[in-house]
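Me: I'd like to learn how to read aromatic ring pairs in a model. Could you walk me through it?

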Amino acid sequence: MTNNAIDIMDKGFAGLVETLGVVNAERFIAMVKRDNFDYTVWRREYFKDMSLDEISREAVAYAEKHPHKGRGIRI
């Protein structure tokens, strides 16, 4: 595994732990692995009937309701 992949995994897990706590972050990963979760398929289904404006409004509303307070890096 490259350093970039390791960094992404570290940051991703840190974000999960920050948001869900250690136990629920582990549960989330176990569920994703067990169910052969395909994020790309989920994302396409979730957003398929939404316009770009609707997606943007939903993202802004979520960000306002859940302000970032941790050490995570916003990209």
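Me: Where do W42 and Y46 lie, and how many residues apart are they?

Reply: Both sit in helix 3, four residues apart, which is about one turn of the helix. Helices here are DSSP runs (H or I, at least four residues), numbered from the N terminus. This is a predicted model, where local features need pLDDT of at least 70, side-chain atom pairs count only at pLDDT 80 or more, and totals for chains, interfaces and linings use all residues. Residues are numbered from 1 along each chain as its sequence is written, and side-chain values use heavy atoms, with hydrogens and water left out.

Me: What describes a pair of aromatic rings?

Reply: The distance of the centres and the angle of the planes. Rings of Phe, Tyr and Trp (its six-membered ring) pair if their centres lie within 6.5 Å; planes under 30 degrees apart count as stacked, over 60 as edge-to-face and the rest as tilted. That rule gives four aromatic pairs. For Y39 and W42, the centres are 5.7 Å apart and the planes at 35°, so this pair is tilted.

Me: Is W42 buried, exposed or partly exposed?

Reply: W42 is partly exposed, at 36% relative accessible area. Buried means under 20%, exposed over 50%, and partly exposed in between (1.4 Å probe, protein chains only). W42 also forms a stacked pair with Y46, 5.1 Å centre to centre and 20° between the planes. Ring pairs link Y39, W42, Y46 and F47 into a cluster.

Definitions and conventions:
Helices (H or I, at least four residues) and strands (E, at least two) are DSSP runs, numbered from the N terminus.
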